[in-house]
Amino acid sequence: MFHVVLVEPEIPPNTGNIARLCLSTASRLHLVKPLGFSLHEKSLRRAGLDYWQDVDVSLWDSFEDLFTHTRRSGTPSQAPPNFHFLTTKAQKPYWDAAFTAGDYLVFGRETKGLPESLLETHANSLLTIPMPGEHARSLNLATAAGIVLYEALRQITLSPLS
């Protein structure tokens, strides 16, 4: 299982589409407040179709709460999960990451991306989706989540250990 983390998402249909993506890949969705919408908004429900009640979703007051919880919930012999932070401000392409089951894929809000504090704190875990086109600054959040999540799934599915 993978974990998709949306830090301060703003657009309900993007979150609904990512919820459906998580359900279809048996991944857990983590939403980090503040949200730019209500979880009861019609547009969120519409994008998630009639699947929303089946989505494995967790709501967090802050990214620090989520990060701290993951560090405490494992066993002493178990390594903590990997966090991969997706941003246009990184150089390392997502396909160069070595994903493992249980990893967290962290995405920022649609208009500003991840907070600078997270980028600075986790500088060694930043990934980007290269865009050779000249005119686009970024991809749609749901599209980006799908690209990276399916690469992670591809890696563990093709792994000789899986």
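# Reading the sheet and pockets of a predicted model

From the N terminus on, the elements of the protein run β-α-β-α-β-α-β-β-α-β-α. The model discussed here is predicted.

Reader: Where should I begin? How many helices and strands does the protein have?

Author: Welcome! The secondary structure comes to five helices and six strands. The protein has 162 residues, and 43% of them count as buried.

Reader: How do I read the way strands come together?

Author: Here is the general idea: strands of a sheet pair through backbone hydrogen bonds, and the pairing is either parallel or antiparallel. In this structure, six strands form an open sheet with parallel pairing, in the order β3-β2-β1-β5-β4-β6. At the edges stand β3 and β6 (126-127), each of which pairs on one side only.

Reader: How many bridges join β1 to β2?

Author: Strand β1, residues 3-7, is joined to β2 by five bridges, and the two run parallel. To find the place by eye, look for V4, whose bridge partner in β2 is L29.

Reader: Which helices pack on the sheet there?

Author: Helix α1, residues 12-24, packs on the sheet and touches β1 and β2. The direction of α1 makes about 150 degrees with that of β2. Helix α3 packs on the sheet as well, touching β1, β2, β3, β4 (83-86) and β5 (104-107). Between the directions of α3 and β4 the angle is about 155 degrees.

Reader: And what about β5? Which strands does β5 pair with?

Author: On one hand, four bridges join β5 to β1, running parallel; there, L6 stands opposite F107 of β5. On the other, β4 and β5 pair in the parallel sense over three bridges, and F83 has Y104 in β5 as its bridge partner.

Reader: Are the faces of β5 covered or open?

Author: Both faces of β5 are covered. Y104 and V106 on one side are buried, and so are L105 and F107 on the other.

Reader: Could we follow a single residue? Is L31 buried or exposed?

Author: Let's do that. L31 has its place in strand β2. Because its relative accessible area is 1%, and buried means under 20%, L31 is buried.

Reader: Which residues does L31 touch?

Author: Leaving aside residues up to four places away in sequence, L31 touches L6, P9, T15, L39, V57, S58, L59 and W60. One of these, S58, is 27 residues from L31 along the chain, and their C-alpha atoms are separated by 6.2 Å. A related figure covers the whole protein: among contacts between residues at least 6 apart in sequence, 75% join residues at least 24 apart.

Reader: How do I read the empty spaces?

Author: Rolling a probe the size of a water molecule over the atoms shows where empty space is left. The largest pocket found here has a volume of about 500 Å³. It is lined by 23 residues, and T88, E110, G113, S138 and L139 lie nearest its centre. By class, this lining has nine nonpolar, nine polar and five charged residues.

Reader: What lines the second largest pocket?

Author: The second largest pocket, with a volume of about 420 Å³, has 23 lining residues, of which H3, Q78, P81, G102 and Y104 lie nearest its centre. Its lining divides into eight nonpolar, 12 polar and three charged residues. At least two residues each come from β2 (28-32), β3 (57-60) and α3 (63-73). Helix α3 gives the most to this lining, with five residues.

Technical notes. Residues numbered from 1 in each chain as written. Predicted model: local features only at pLDDT ≥ 70, side-chain atom pairs only at ≥ 80, totals over all residues. Heavy atoms only, no water. 1 Å grid on protein atoms, 1.4 Å probe; cavity = no way out; pocket = protein on both sides within 12 Å on 5 of 7 lines; lining within 4 Å. Points joined across faces, edges and corners; volume = space filled by probe spheres on them. Nonpolar A, V, L, I, M, F, W, Y, C, P; charged D, E, K, R; others polar. Pairing = 2+ DSSP bridges. Contact = heavy atoms within 4.5 Å. Axes fitted to C-alpha atoms, helices over the stretch in contact; angles between N-to-C directions. Buried < 20%, exposed > 50% of the residue type's maximum accessible area, 1.4 Å probe, protein only.
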